[in-house]
Amino acid sequence: MQIQQNQKNYLLLITIIFLIFITNFLIGLYFQESTNGIVWVGDDATHISLANSFRDNGNFFYDFYTGRETDYSVDEIINLYPDDIERPLIIKGPIFYTLLGTIYEIFDVSVENESFVAELLNSFLISIFLTLLLFLLRRIFDLKIALISISIAIAIPFIGLNSARVFLYPLLFVFSICAFYFSQKKSSHYLLFGFFVGLSHLTH
């Protein structure tokens, strides 16, 4: 009986994630189309390049001057760019680029599909975040308030744009909401809370 109940709970969870994912992805596509795909296009290209830098070179460096990833070592970067603001190099938190770059490598994603795969990943991450938020709000308040809150969250343009663009925020949201789950005053939760907070900081 307990096994059947657990199976029903897992099926419900998967159904909720799927429905939120489809809704969120379609809303994201709407925002993308309504802005003609020009919202923060530079950010999209940068994040994809950093993911490719991890896939190709094992680092997270991106040269703004050439518009490409670079295989410079850390020591070479320090020597080449001590104070050169005319040729900035961005170094970001590695978690998102490790995840996206690994997906690119595993599925051998072509250049033409890089943006779509990244947007699909972000939409899935936003769906996970909203699902976790739903259960957290239900635990704190009740199911009615949780459903209303999630409905409002899905309609927020920022959430929709994060589903249709290549941003770091969705993964940051997931780790942050996971940390909230372990913010209770239990000694066994302190380590997990710190773990997810640390992952959050390494995401952006």
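Reader: In which helix is Ser151 found?

Author: Ser151 is found in helix α6; helices are DSSP runs of H or I with at least four residues, strands are runs of E with at least two, and both are numbered from the N terminus. The model is predicted, so local features need pLDDT of at least 70 and side-chain atom pairs count only at pLDDT 80 or more, while totals for chains, interfaces and linings use all residues. Residues are numbered from 1 along each chain as its sequence is written, and side-chain values use heavy atoms, leaving out hydrogens and water.

Reader: Is Ser151 buried, partly exposed or exposed?

Author: Ser151 counts as partly exposed, because its relative accessibility is 48% (buried is under 20% relative accessible area, exposed over 50%, partly exposed in between, with a 1.4 Å probe and protein chains only).

Reader: Which backbone oxygen lies 2.8 Å from a polar atom of its side chain?

Author: That of Leu147. This is a polar contact, a pair of N or O atoms within 3.5 Å; within protein, one must be able to donate a hydrogen and the other to accept it, and residues adjacent in sequence count only if both atoms are side-chain atoms.

Reader: How do the axes of α5 and α6 cross?

Author: The axes of α5 (residues 114–140) and α6 (residues 143–155) come within 8 Å and cross at roughly 150 degrees. Axes are lines fitted to C-alpha atoms, for helices over the stretch in contact, and angles run from 0 to 180 degrees between N-to-C directions. The two helices, α5 and α6, are therefore roughly antiparallel (under 35 degrees is roughly parallel, over 145 roughly antiparallel, 65 to 115 roughly perpendicular and the rest oblique).

Reader: Which residues meet there?

Author: Leu130, Leu133, Leu134, Leu137 and Arg138 in α5 meet residues of α6 including Leu143, Leu147 and Ile154, where contact means heavy atoms within 4.5 Å.

Reader: And α4 against α5: what is the angle?

Author: The axes of α4 (residues 95–106) and α5 cross at roughly 125 degrees and come within 11 Å. The pair α4 and α5 is therefore oblique. Asn122 of α5 is among the residues making this contact.

Reader: Is Asn122 buried or exposed?

Author: Asn122 is buried, because its relative accessible area is 0%. The side chain of Asn122 reaches the backbone oxygen of Phe167 at 3.0 Å.

Reader: Changing topic, where does His189 lie?

Author: His189 lies in helix α9 (residues 187–201). His189 counts as buried because its relative accessibility is 15%. Leaving aside neighbours within four places in sequence, His189 is in contact with Tyr181, Phe182 and Gln184.
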